[in-house]
Amino acid sequence: MNYTGFNMSSIKNANRASVLYLLNGNEKLSRKDIAERLGLTPAAVSKICAELISEGSISETGSTEDSVGAGRKRIILSLNSKGIFVLALSIDKKGFYTSVCTLDGEEKCGGRFLFEKDASPEECLSLAGKKSLELLEKSGVQKEKIIGAGVGIVGGADKEKGTTAGNYGVWHPGVAVREILEKELSMPVAIENNVKAFALASLIFDRKNVEDNILFVKWGPGVGSAIVIGGSVLGKTDSDSSEIGHYISVPDGEKCRCGRSGCLETVASADAIAGSVKELFSKEKTPKLFEKSGGEKENVEISKILLCAQNDEPIENVIDERIKLLSKAVTNASAVIAPERIIVFGYMFTTETFKRFEKECKRLYPSFKKGYIRLSPLDEKHNFIGPAAVAVKNFFFEKK
């Protein structure tokens, strides 16, 4: 094997990314602070910062007294988070949410659109591209200020190839999501599984409150998970990382979309819970839900079920049963992974269900301390924050 030496371009890009990531988690840093924390020479940091200031990625935003040397001041550097934008696209089976966001994860504008029935993946992606461009024009943000688009998609995603992957998800494996959208949008596109995208969002937009080793759990239409080890989201596709939703919870149970039977998702997903509650639905057994649904079973939906759970005992029992199954899966995963914290998100985690979930996890695993399980503050931005993070990571922090 011929030794070719260090790739200086890669080293430069890695140092650039390190400076940006450091500034992302710290509001008041000088060049000297950056050099000390990263172990780089002051000259190297000055050169990197000069380039970042020139391209508009960071700026000098003030000064502070130097602790060494009377009267000396340090110039403070900050990210230009309000003047740089990304396009964020969340795709599920029914449609997509598209959004224009700032570098710090604030939404400028956004909108939800549905796919036409029986439309091909290519037709769906073409629609997503067109609607995203229309939204961008509506936002008033100039296209040249968009550094790229991030896509979060339900199911498998091969981020290196830019395609769908795995045996279950929105579409069949191999759909060229990145290639199609890059043609539609005329900008670079990065793709990631939706749960992993949310985990990445926590690392970027909630950095001060997130450790480097985390188990993320999503509870909503499905049950998903992602693992962060050493500050990086694990796995190239969803099939080579932890998938709590496909742990076997009910042996010989209902067949899952993954091909196995009795997966947690078949009993604990929002759809599964709604199906179980509909079997109990009546004026006598579920009076509150009966009232909220106008006496019609077809009007029963998960939002009403959660609202009526504390009034209708049979509904409360169903939810408690599923919380126990979810808690068992999470605590078992934690025993293997040993994360520093568990972060949960998804609309099924209401204030009440989160309390029950946390209590059950502590019962199963008494060593869980208070605050070990945390409800993500980013969940209110779930429509766009994951894919926004995918774009920020790929086209700002790790810009080639």
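Is Tyr-365 buried, exposed or partly exposed? Tyr-365 is partly exposed, at a relative accessible area of 28% (buried is under 20%, exposed over 50%, partly exposed in between, with a 1.4 Å probe and protein chains only). A quick note on the ground rules: this is a predicted model, where local features need pLDDT of at least 70 and side-chain atom pairs count only at pLDDT 80 or more, while totals for chains, interfaces and linings use all residues. Residues are numbered from 1 along each chain as its sequence is written, and side-chain values use heavy atoms, leaving out hydrogens and water.

**Aromatic pairs**

- There are twelve aromatic pairs in the structure (Phe, Tyr and Trp rings, the six-membered one for Trp, with centres within 6.5 Å; planes under 30 degrees apart are stacked, over 60 edge-to-face, the rest tilted).
- Trp-219 and Phe-349 sit with ring centres 5.2 Å apart and planes at 70°, so they pair edge-to-face.
- That pair bridges 130 residues of chain, from Trp-219 in strand β10 (214–219) to Phe-349 in the loop between β13 (341–345) and α12 (351–364).
- Both Trp-219 and Phe-349 are buried.
- Tyr-365 and Phe-368 are stacked, because their centres are 4.5 Å apart and their planes at 20°.
- Phe-368 is buried, with a relative accessible area of 8%.
- One aromatic cluster takes in Phe-96, Phe-113, Phe-115 and Trp-171.

Methods: Helix = DSSP H or I, 4+ residues; strand = E, 2+ residues; numbered from the N terminus.
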